[in-house]
Amino acid sequence: MDVTTLAVALISVGGTLGGTLGGAVLSQRANREQNERADREREQERCEQVVQARRDLYARLNTTARAYRVAARDAVLAAKRGESVDPALLESAKEAWADEYSQAQMALAKDVLDVASALNRSLGIGYAVVKHLPSSPDLDLDGAYQRADTWFGGPLSDGVYLLRVALRHDLGVEADPGFEETRAQILAALDSARDDLARLLVAEGARTRTSELAARPANGKGLG
């Protein structure tokens with residue numbers, strides 16, 4: 001074999017090997033890019049699922065808060081009209097809110113959780129207000145119905161509104177430069193009104209128990 005033939009053979013073999021190696025490198029690069037693209041798509045899909053799950057939770061939280069307030073307010077209006085009130089409606093709304101709130105406690109950012117927690121306590125006071133209503137409008141002692149109307153139409157309504165705005169703000173749906181100041185003002189007003197109402201209910205309950213205890217000896221005379 002002369003030098004020229006050997007050179008041609010070597011070049012041919014080298015070209016074949018080079019083509020094979022080059023093809024392998026290109027194939028590996030294509031596979032790597034395909035895997036990276038698939039990873040990015042999976043990560044994007046995961047992020048979208050997380051965001052959607054948060055939106056769904058926020059929607060349920062907002063819906064159950066509104067439904068709880070409406071159920072309590074409707075119970076007050078029915079009692080004022082002397083109509084019978086189905087306690088199951090209020091209890092169902094209360095339980096639905098409690099379920100969503102317990103889930104939200106594990107997912108909400110601190111600022112939003114502060115709002116939800118304040119509203120949870122306020123809804124609880126609203127529930128107590130309904131339970132403290134006189135059995136008849138004729139027994140409207142200390143303006144119980146007026147007190148209930150004021151609570152559900154004022155501070156508690158503001159609290160439900162604040163929760164909705166806070167949730168939208170956290171999702172980026174609503175951007176308000178003055179939101180933090182508004183949030184602080186409404187929270188402070190809600191906390192103050194709730195504490196005042198709670199003290200009033202406690203004092204009223206104490207007076208009722210005192211009256212009941214004072215009436216027992218008289219009612220029990222002659223039973224022996």
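Which residues in H4 meet Pro-155, Leu-156 and Ser-157 in H5? They are Thr-150, Trp-151, Phe-152 and Gly-153. Contact here means heavy atoms within 4.5 Å. The model is a predicted one, where local features need pLDDT of at least 70, side-chain atom pairs count only at pLDDT 80 or more, and totals for chains, interfaces and linings use all residues. Residues are numbered from 1 along each chain as its sequence is written, and side-chain values use heavy atoms, with hydrogens and water left out.

Stay with this pair. Helix H4 covers residues 144–153, and helix H5 covers residues 155–171. Helices (H or I, at least four residues) are DSSP runs, numbered from the N terminus. The axes of H4 and H5 come within 3 Å and cross at roughly 20°. Axes are lines fitted to C-alpha atoms, for helices over the stretch in contact, and angles run from 0 to 180 degrees between N-to-C directions. H4 is therefore roughly parallel to H5. Angles under 35 degrees count as roughly parallel, and those over 145 as roughly antiparallel. By class, this contact has 4 nonpolar, 3 polar and no charged residues. Ala, Val, Leu, Ile, Met, Phe, Trp, Tyr, Cys and Pro count as nonpolar; Asp, Glu, Lys and Arg as charged; the others, Gly among them, as polar.

Now turn to H3 and H5. Their axes come within 9 Å and cross at roughly 155°, so H3 is roughly antiparallel to H5. On the H3 side, the contact includes Val-112, Val-115 and Leu-119. On the H5 side, Leu-156, Val-160 and Leu-163 are among the residues that take part. The contact of H3 with H5 has 11 nonpolar, 2 polar and 1 charged residues.

H3 also packs against H2. Helix H2 spans residues 87–104, and helix H3 spans residues 110–131. Their axes lie 12 Å apart, at an angle of about 165°. H2 is therefore roughly antiparallel to H3. Trp-97 and Tyr-101 are among the H2 residues that meet H3, where the partners include Leu-123 and Tyr-127.

Helix H1 (3–80), H2 and H3 each supply at least two residues to the lining of the second largest pocket. That lining has 10 residues, and Ala-75, Val-85, Val-130, Lys-131 and Leu-133 lie nearest the pocket's centre. By class, the lining has 8 nonpolar, 1 polar and 1 charged residues. On a 1 Å grid over the protein atoms alone, a pocket is an open set of points where a 1.4 Å probe fits, with protein on both sides within 12 Å along at least five of seven lines; lining residues have an atom within 4 Å of a point.

Key. Angles under 35 degrees count as roughly parallel, over 145 as roughly antiparallel, 65 to 115 as roughly perpendicular and the rest as oblique.
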